[in-house]
Amino acid sequence: MKKFCKDVSVFLFIITTIVVVDVFLQKTLLFKDNNVKLSKNYSVLILGHSHPANAYDTNFIKNTINMGTAGEAYLYTYFKAKKVIDNNPQIKKIFVEFTNNQIDKGMDNWIWDDIHLQYRIKDCGVLLDNEAIQLLYEKNPTGFINAFSKSLFDNLRRLFISKKGMVEKGGMGKFIPCDAVYIYKTLPDRPKSRKKTQVDLEISEYNILYLQKIVKYCQNKDIEVCLIRSPMHKSYDVSYTEYKFKEILRTKFKNIQWLDYKDFPIPNKGFQDAEHLNSYGAKIYSQYFNNKINN
């Protein structure tokens, strides 16, 4: 029995040591300050989920880095942005995509469900603070432990590979080109069913909380921050969430600049689906956006 206990203790000690060393190496090597340095001419940062990742082609927008990442909740955007901002004092303005789906309760899944935890923890788990770690653990302890344990070993091979310039190379998000074209067809009228009301709408308080953290952090750094909604196809119905969406803007972000390009005139062939621009649409919109912010 003594031998068994000793063997277990040795095993746990070895595993603990490996984990501690791995975390230390990731913090010091994977996210070295030099790895997230930008060229001095980059002064504008774009953040958010798949909408900005597909909408802002930085080939047509001067002095701008697009760090949009598909399926990314604001919790992860916050820590990723902090790391980049802290190491790039030349950043003077930040645009954060704020779209109707970001307020929905379903966004909680983007924060802590098993699937999203797996790749978010791998990408930026070591950037999280104790508050965020505690939240993720409380909401999904098994998923968090599995994701963090797996990420430590998955990232071992990345530690000694040069990641210099990882932001400029798209390592923390980038513009994603797409050539697919949305085939929009007018559907026949269907029998009317009971419409959802605002009473039915549940809000992701945590996603909104971390958007507020992003805004406050930028303000504390004297960085101009602006919430923005990228173009969407006319067939994309936001009527169910729009009232609550605008209410949140008025109450929680009342002093923050808001740019709404939801109805920006993009031809049908400029969309890959009802929510996202394709490369053709992104070029049109990005050229307009460049003139808007740089002239």
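## Burial of F289

In this predicted model, F289 has a relative accessibility of 1% and therefore counts as buried, the cut-off for that class being under 20% relative accessible area.

## The pair of F95 and F289

A search of the whole structure finds 18 aromatic pairs. In one of them, the ring centres of F95 and F289 lie 5.0 Å apart and the planes meet at 70°, so the pair is classed as edge-to-face, a term that applies to planes over 60 degrees apart.

Y261 and Y288 form an aromatic pair that is edge-to-face, with 5.7 Å from centre to centre and 80° between the planes. Here too distant parts of the chain are linked: Y261 sits in the loop between β5 (257–260) and α10, whereas Y288 is in helix α10, and the two are 27 residues apart. As for solvent accessibility, Y261 counts as buried at 9% relative accessibility, while Y288, with a relative accessible area of 32%, is partly exposed.

## The cluster and a charge over a ring

Both pairs described above belong to one aromatic cluster, which is formed by Y56, F95, Y261, F264, Y285, Y288 and F289.

A contact of another kind involves K213, which lies over the face of Y210 at 5.4 Å from the ring centre.

Terms used
Residues are numbered from 1 along each chain as its sequence is written. This is a predicted model: local features need pLDDT of at least 70, side-chain atom pairs count only at pLDDT 80 or more; totals for chains, interfaces and linings use all residues. Side-chain values use heavy atoms; hydrogens and water are left out. Rings of Phe, Tyr and Trp (its six-membered ring) pair if their centres lie within 6.5 Å; planes under 30 degrees apart count as stacked, over 60 as edge-to-face and the rest as tilted. Buried means under 20% relative accessible area, exposed over 50%, partly exposed in between (1.4 Å probe, protein chains only). Helices (H or I, at least four residues) and strands (E, at least two) are DSSP runs, numbered from the N terminus. A charge sits over a ring if NZ of Lys or CZ of Arg is within 6 Å of the ring centre and within 35 degrees of the ring normal.
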